[in-house]
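Subject: Structure for you to look at, with notes

Dear colleague,

I am handing over the structure we spoke about, and my notes follow directly below it. Please keep it open while you read, as the notes move from the whole chain to individual residues.

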Amino acid sequence: MTNQTPNEPSPVTRRQFLKNSSLAAASAAAVVSFPAILNAQTKPPLNAIIIGLGGRGTGAGKNFLDAAKAVGAEAKIVAAADIFPEPTNKAKENFGVPTNKCFSGFDAYLKALEVPGVNYVIIATPPGFRPGIFTAAVAAGKNIFTEKPVAVDGPGARIMYAAGEAAKKKGLKVAAGTQRRHHAGYIETIKRIHDGAIGEVTDLRAYWVNGGPIWHRGTKGATDLEQQINNWYHYIWLCGDHCVEQHVHNIDICNWVANATPVKAWGLGARQMLGNQTGEIWDNFAFEFEYANGVRMHSYTGQIKRDFTAVSEAVVGTNGTSNPAGNIKPTNGKAWRFDSKGMVDPYEQEHIDLINAIVHDKELNETKTVTDSTLTAIMGRESAYSGSVVEWDDMLNSKFAYGPELLYTDPSKLTWGAFRTLKSPLPGSHDIFKDGAVLPTA
Ligand SMILES: NC(=O)c1ccc[n+]([C@@H]2O[C@H](COP(=O)([O-])OP(=O)(O)OC[C@H]3O[C@@H](n4cnc5c(N)ncnc54)[C@H](O)[C@@H]3O)[C@@H](O)[C@H]2O)c1
C-alpha cells in the first residue's frame, strides 16, 4: 500500500468497498447546508418534469427539490414520463404527481413537455434516447438537466452538439449529470492544476474498474424491444457500452484538466464474463488517448470480477502529481488536500447551479463539455471494437449509427416492433466507416 499513489487501483475487498461507499454517502448527506439566496416572492416557480423514472430519474427529482429548497426557490414536479407505465408510479408516490400527468409510451416525453408551465426538464432515460429527447426539450424551450452520457455514437453526438447550440441561442440553461464538475474538491484542485501547482501536465490516468459484472434484469418483456429496453445496459444502441456509460465521468475529468479533447485513441477490450448472456457489450477495456500536445490519457474500464476496484483519476505534471478529486503533491513543496467539511453533495449542487443560472439568468450550458467527453469515450470504444486507431475528426463525422433511424430523428414515433440486433463487435470485422445505418448529418 505504501508505495501506491492514491489513484492507483489498490487491493480492496468487496466488504471494504461497500463499507467505504456507505461512509462516503453518509458524510456527503451530513454536510448539506446552503445559504438562502433566492427571493422566492419575486421568482417564477420551477415546474419540473422527469423523463425516465428509474433509479436516477427518481434520485434526480429528489435532488432537484432539495436544491430548490436550499436556495429558497418554489418548486414542484408537475409531470412524469416513462416508456413503461409502472415506473411512473414512483412519480405519484415520491413527488405527488397526479395520475393524469403521468405519461407512458414512446411519445410520453412529448406529452410531458406539453404540460403548461413546465420550465425544468430532467432527462434520465437510457443514453440512446438522449439526443432525440434532448432535442425535443430544446425545441420546446425548456431548461434541462440531462444525465450522462448523452449519445452512443457519432450521429447522436452531432445531434447533441447542434441541440446544445440551439439551447444557447434560446438562452436556455443546461446542466449535465457529470456531477464531478459541481464537486467543490474537483473544482478547487483542477483550478490549482491549471494555475501551475504541479507544473506542466504530462500524463493523465482514468479508472472505472468495478468489482463485478453489471446487473441483468432477466428476460421479462413481451417483445424483443421491451426485453432490450428492460436490459438497456447490455445493448450498445441504448447504453453505448460501459466504457461510455460509466467511464465518461473519469474521461471528463481528464479532458477538463487537459482543457482539450484527444485527437486520437487506440484500445483493447473483450467480452469475457458476460459470455453467453443476452446482450452485446464488452466487459473490459484499456485505452490510450492522445491530445494534440502529445500528452496521453491512459484509461481502464471494467465491469468484471476482480479483487481490486478503482474509480478515480490521476494527473502527473513536471512538478508533482495530483488526485484531482482533492489533492496536490508537488515534487518540491508542501502537499495540499481539499477540506471537504461543509461540501454540498454534488448530485444536489448540480441542481443548485442550474436553478441559480435560471433564476439569476447566468450562463450555464454544459452540453458541449458532456458531449465532448461522451464522444471521447465513444472514440476509445470504437478503436477497441474495430482494432484500429480512431481519430477525433473521423469519430465526429462517423455515419455509423447503432440505433434505428427514428431513434435519432423522432424517437416518439418508434414502435415496439422496431429494434436492431448486433453481434458483439469483433476487431477486424467491425468497421465504423462502412457498417450501420447511414443518417444525414445533424
Ligand atoms: N450521474 C450519475 O452518477 C448517474 C448515476 C446513475 C445513473 N445515471 C444515468 O442515468 C440514466 C438512467 O440510469 P438509471 O440507473 O436510472 O436506469 P434505470 O433503468 O433505473 O431507469 C431508466 C428509466 O428510463 C425509462 N425509459 C427507457 N426508455 C425511455 C424512453 N424512451 N422514454 C422515457 N423513459 C424511458 C425506463 O423504463 C426506466 O424506468 C443513465 O444514462 C445513467 O448513466 C447517472
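The accessible surface of the protein chain comes to about 18800 Å², and carbon and sulfur atoms account for 52% of that area. Please bear in mind throughout that this is a predicted model. The chain has 442 residues, of which 54% count as buried, and its secondary structure is made up of 15 helices and 16 strands. Among contacts in the chain with a separation of 6 or more, 74% are between residues 24 or more positions apart.

The ligand

I would begin with the ligand, which has 26 residues around it, those coming nearest being R56, D82, R130, E245 and Y347. By type, the residues of this shell divide into 12 nonpolar, seven polar and seven charged. The shell also draws on two domains, with at least three residues from domain 1 (1-30 + 195-340 + 367-442) and at least three from domain 2 (36-180 + 348-366).

Several oxygen-to-protein distances deserve a look in your viewer. An oxygen atom of the ligand lies 2.8 Å from a polar backbone atom of R56, and an oxygen atom of the ligand is likewise 2.8 Å from an N or O atom in the side chain of W232. For Y347, the distance from a ligand oxygen atom to an N or O atom of the side chain is 2.7 Å. Taken alone the ligand would expose 850 Å², and the protein buries 88% of that area.

N63 and its link to R56

The side chains of N63 and R56 are joined by a polar contact of 2.7 Å. Leaving aside neighbours within four places in sequence, N63 is in contact with R56, Y347, E348 and H351, so that two of the residues named above as coming nearest to the ligand, R56 and Y347, are among its partners. N63 counts as buried because its relative accessibility is 11%, which is under the 20% cut-off.

Helix α5

R130, also among the residues that come nearest to the ligand, belongs to the buried part of helix α5. This helix (residues 130-139) is mostly covered, with eight of its 10 residues buried; besides R130, the buried residues are P131, G132, I133, F134, A136, A137 and V138. After α5 comes G141, whose phi is positive, near 75 degrees.

H182

Which residues make polar contacts with the side chain of H182? The side chains of H182 and D353 are joined by a polar contact of 2.6 Å, and those of H182 and E366 by one of 2.9 Å. H182 itself is found in the loop between β7 (174-176) and α7 (184-194), and it counts as buried because its relative accessibility is 3%. Leaving aside neighbours within four places in sequence, its contacts are with A176, I187, P346, Q349, E350, D353 and E366. H182 and V344 are 162 residues apart in sequence, yet their C-alpha atoms are 9.1 Å apart in space.

Backbone details

Lastly, there are a few points in the backbone to check by eye. K148 and P149 are joined by a cis peptide bond, with omega about -25 degrees, and P149 is found in the loop between β6 (143-146) and α6 (154-170).

Two residues other than glycine have a positive phi and may be read side by side: for D241 the value is near 80 degrees, and for N259 it is near 55 degrees. D241 lies in the loop between α9 (236-239) and α10 (242-245), whereas N259 has its place in the loop between α11 (248-258) and β9 (264-270). Are these residues buried or exposed? D241 counts as buried because its relative accessibility is 0%, while N259, at 65% relative accessibility, counts as exposed.

With best wishes

Methods. Residues are numbered from 1 along each chain as its sequence is written. This is a predicted model: local features need pLDDT of at least 70, side-chain atom pairs count only at pLDDT 80 or more; totals for chains, interfaces and linings use all residues. Side-chain values use heavy atoms; hydrogens and water are left out. A residue is near a molecule or strand if one of its heavy atoms lies within 4 Å of it. A polar contact is a pair of N or O atoms within 3.5 Å; within protein, one must be able to donate a hydrogen and the other to accept it, and residues adjacent in sequence count only if both atoms are side-chain atoms. Accessible areas come from the Shrake-Rupley method with a 1.4 Å probe; for residues, only the protein chains shown count as cover. Ala, Val, Leu, Ile, Met, Phe, Trp, Tyr, Cys and Pro count as nonpolar, Asp, Glu, Lys and Arg as charged, and the others, Gly among them, as polar. Domain bounds come from an automatic or database domain assignment. Helices (H or I, at least four residues) and strands (E, at least two) are DSSP runs, numbered from the N terminus. Buried means under 20% relative accessible area, exposed over 50%, partly exposed in between (1.4 Å probe, protein chains only). Contact means heavy atoms within 4.5 Å.
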